[in-house]
Amino acid sequence: MQVAALVLPVFAIIVTGWLVGWLGYLSRSLADALVQFAYNVAMPALLVVTIAQEPAHNLLEWRFLLAFGGGSLLCFALVFAAVRVGWGRDLASSTMQGMTASMTNTGFVALPILHSIYGQPAVLPAAVATVFVAAVLFPITVIFLESARGAAGGPSKPAVILVKQILLNPMVLSTLIGLAWAISGLPIPRPVAAYLNILADALTPCALFAIGLGLSTEELRSNFSASMLLASVKLVIMPVIVYGLCVATGLNPLYTIAAVICSAVPTAKTMYILAREYKVEETLVASTISITTLLSVATLLGWLYLLSGLKVQ
């Protein structure tokens, strides 16, 4: 009951966003503006103020990276192999489906939820997971898709542009700024910290409301069977793999919860942007994002309940 009391208000914000859009009270097009604010302003503020105030020796937890990162890559490899070998699909399609089942929406869902329930201490592992997605999974996806495009005779994107995009990504850049500040050992001036915290407090309501507002029932109906398979991998199998790695490495309770929740959130909307850019599995990706977003309201509550027995200090 205590877990439900903490989690249900968080998901109520998503449902409120969906109802507001469904009833026509607000235009669904406003979701894009909320996402842009959360992504480019509120989230970087939260990452900087959290990481900069963390002792430098706490910033790299290899067991967390092994659990979350290893679980993400293993999940991608399993789906990629199944689609490529089992179903005989091409490189681009196999890559897109593999990443749709493993690239998580850590920034817009996991980070706000963990911050809301467990406070500032849970932001750090969520930030690490967010950077892993942006700096590792995203480039792998682009490299594979560029390889597929090159094999088909299309124009490829120069590596320098890819590196620039990664480094200038708001999540990556704000994390690097926070890391540099933490390593310097300098305290953040109080007015600056207060300013950043005000912006950071807007992340949870903006991000979660925008997810609900942008949820499309039309997208749920397209490619339903294939999307449900990918959603099952994303919301059930991947968190099980990550949890197993957490136990195997002896990861502490808070980081274990963060790793599992980061792996159990919906598919990142970045995947749809990539699908549109490379014209690969667009309807399948859109449908999977919508389905994982909808089903995660129940599955995340289940994971949080199962993990509630862990004693977080």
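Colleague: What makes S94 count as buried?
Modeller: In this predicted model, S94 has 0% relative accessibility. Buried means under 20% relative accessible area, while exposed means over 50% and partly exposed is in between, with a 1.4 Å probe and protein chains only. At 0%, S94 therefore counts as buried.

Colleague: Before we go on, what are the ground rules of the model?
Modeller: Being a predicted model, it needs pLDDT of at least 70 for local features and 80 or more for side-chain atom pairs, whereas totals for chains, interfaces and linings use all residues. Residues are numbered from 1 along each chain as its sequence is written, and side-chain values use heavy atoms, with hydrogens and water left out.

Colleague: Which residues is S94 in contact with?
Modeller: Leaving aside neighbours within four places in sequence, S94 is in contact with F80, V83, R84 and R89. Contact means heavy atoms within 4.5 Å.

Colleague: How many helices and strands does the protein chain have?
Modeller: There are 15 helices and zero strands. Buried residues make up 50% of the 313 residues in the chain.

Colleague: What makes R89 and E281 a salt bridge?
Modeller: A salt bridge is a side-chain nitrogen of Lys or Arg within 4 Å of a carboxyl oxygen of Asp or Glu. For R89 and E281 the closest N and O atoms are 2.9 Å apart, so the pair meets the rule. R89 lies in the loop between α3 and α4 and E281 in the loop between α14 and α15, so the pair ties together parts that are 192 residues apart in sequence. By this rule the count comes to one salt bridge.

Colleague: Is R89 called buried or partly exposed, and why?
Modeller: R89 has a relative accessible area of 34% and is therefore partly exposed.

Colleague: How do you know how many disulfides the structure holds?
Modeller: A disulfide is a pair of cysteine sulfur atoms within 2.5 Å. The structure holds zero disulfides.

Colleague: What makes the residues around L19 a nonpolar patch?
Modeller: Patches are made of residues with over 30% relative accessible area and no salt bridge; like charges are joined within 9 Å and nonpolar side chains (Val, Leu, Ile, Met, Phe, Trp, Tyr) within 5 Å. L19 has 35% and so is partly exposed. The patch of about 740 Å² is made by V15, L19, W22, L23, Y25, L26 and L30. Its largest share, three residues, comes from helix α1, where L19 lies. Accessible areas come from the Shrake-Rupley method with a 1.4 Å probe, and for residues only the protein chains shown count as cover.

Colleague: Why is α5 called largely enclosed?
Modeller: Eleven of its 13 residues are buried, so α5 is largely enclosed by the rest of the structure. Among them are F108, P112 and H115. Just after α5, G119 takes a positive phi of about 80°. α3 is likewise followed by a glycine with positive phi, G88, near 65°.

Colleague: And what makes T256 and P139 buried?
Modeller: T256, in helix α13, has a relative accessible area of 5% and is therefore buried. T256 touches Y243, C246, L251 and L310, not counting residues up to four places away in sequence. P139 lies in helix α6 and, at 9% relative accessibility, counts as buried.

Notes:
Helix = DSSP H or I, 4+ residues; strand = E, 2+ residues; numbered from the N terminus.
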